[in-house]
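Good morning, everyone, and thank you for making time for this. Please have the sequence and the model open while I talk, and follow along residue by residue.

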Amino acid sequence: MKFYDYEAIDAYDNMVKMSQYAGNVVLVVNTATECGFTPQYDDLQDLYEKYQANGFEILDFPCNQFGNQAPGSNEEIVSFCDSHFGITFTHFAKINVNGDDALPLYKYLKDQKGFEGFHPEHPLTPLIESMLERTNPNYKNEPDIKWNFTKFLIDRNGNVIARFEPTEDMGIVEKSIKELL
């Protein structure tokens with residue numbers, strides 16, 4: 001299966017086929033409204049506004065699996081994102097990204113691009129690594145999503161090109177997007 005073979009329910013309870021994004025560069029992000037990385041919504045919206053006209057899409061998948069940092073309903077999450085960050089990209093329904101009940105799209109994304117480590121110079125890297133080591137000493141060897149705001153970059157042909165952990169510099173993310181546009 002490829003990226004375009006999957007589907008997911010949006011925040012308004014509509015089934016969305018990923019095939020509708022064929023021909024676009026897509027950034028898939030698991031998000032949370034009460035996370036230290038939540039300000040990345042600003043950066044994401046800036047990227048969307050900058051590149052949407054060139055065939056760039058962002059798909060926002062809220063997830064409450066990391067510290068219960070996305071506790072609201074789909075409606076509350078959309079309201080928060082819109083009022084605090086002016087988000088105009090697509091919101092999906094809250095999902096799980098890890099475990100047996102993970103959204104099949106996320107199982108696929110993790111199979112395509114596993115965990116390669118956190119950015120060593122990000123100030124939150126030591127804290128996240130310490131926390132993960134306490135709960136799972138083998139976390140570095142598993143493809144699971146480690147935290148909120150992990151991003152997957154999909155090219156215009158539906159290939160998963162890159163995975164960016166939440167500690168990755170957004171300038172690097174933007175550079176990778178521009179290369180595909």
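The largest nonpolar core holds 57 residues, and of these Phe3, Met18, Val28, Phe61, Tyr106 and Leu109 touch the most other members. By a nonpolar core I mean a set of buried Ala, Val, Leu, Ile, Met, Phe, Trp, Tyr and Cys residues joined through side-chain atoms within 4.5 Å. The word buried stands for under 20% relative accessible area, exposed for over 50%, and partly exposed for what lies in between, with a 1.4 Å probe and protein chains only. As general background, nonpolar side chains in soluble globular proteins tend to be buried together.

Please keep in mind that this is a predicted model, in which local features need pLDDT of at least 70 and side-chain atom pairs count only at pLDDT 80 or more, whereas totals for chains, interfaces and linings use all residues. Residues are numbered from 1 along each chain as its sequence is written, and side-chain values use heavy atoms, with hydrogens and water left out.

Which residues does Val28 touch, not counting residues up to four places away in sequence? They are Phe3, Leu59, Phe61, Tyr106, Leu109, Thr150, Lys151, Phe152 and Ile154, where contact means heavy atoms within 4.5 Å.

Let us turn to the sheet, which is open and has five strands in the order β5-β4-β3-β6-β7, with mixed pairing. At its edges stand β5 (90–91) and β7 (160–164), each with a single partner strand, so one side of each has no neighbour in the sheet. Strands (E, at least two residues) and helices (H or I, at least four residues) are DSSP runs, numbered from the N terminus, and two strands pair if DSSP finds at least two bridges between them. Strand β6, residues 151–154, pairs with β7 in the antiparallel sense over four bridges, and Ile154 has Val160 in β7 as its bridge partner.

Helix α1 packs on the sheet, where it touches β3, β4 (56–62) and β6, and its direction makes about 155° with that of β4. Helix α5, residues 170–180, lies across β3, β4, β6 and β7, running at about 15° to β6. For these angles, axes are lines fitted to C-alpha atoms, for helices over the stretch in contact, and the values run from 0 to 180 degrees between N-to-C directions.

Is Thr38 buried or exposed? Thr38 is buried, because its relative accessible area is 5%. Its side chain reaches the backbone nitrogen of Cys35 at 2.9 Å, and, leaving out residues up to four places away in sequence, Thr38 touches Ala32, Thr33, Phe80, Phe85 and Phe149.

The other is Asn148, found in the loop between α4 and β6, which counts as buried at 0% relative accessibility. A polar contact of 2.7 Å joins the side chains of Asn148 and Gln69; such a contact is a pair of N or O atoms within 3.5 Å, and within protein one must be able to donate a hydrogen and the other to accept it, while residues adjacent in sequence count only if both atoms are side-chain atoms. Setting aside neighbours within four places in sequence, the residues in contact with Asn148 include Asn30, Phe37, Cys63 and Pro166.

Next come the charged pairs. A salt bridge is a side-chain nitrogen of Lys or Arg within 4 Å of a carboxyl oxygen of Asp or Glu, and by this rule the count comes to five salt bridges. One of them joins the side chains of Glu7 and Lys17, at 3.3 Å from N to O. Glu7 lies in strand β1 (residues 7–9) and Lys17 in strand β2 (residues 15–17), so the pair ties together parts that are 10 residues apart in sequence. Glu7 is partly exposed at 36% relative accessibility, and Lys17 is partly exposed at 48%.

Lys110 forms a salt bridge with Asp144, with the closest N and O atoms 3.4 Å apart. This pair links distant parts of the chain, 34 residues apart, with Lys110 in helix α3 (residues 104–112) and Asp144 in the loop between α4 (125–135) and β6. Lys110 counts as buried at 8% relative accessibility, whereas Asp144 counts as partly exposed at 29%.
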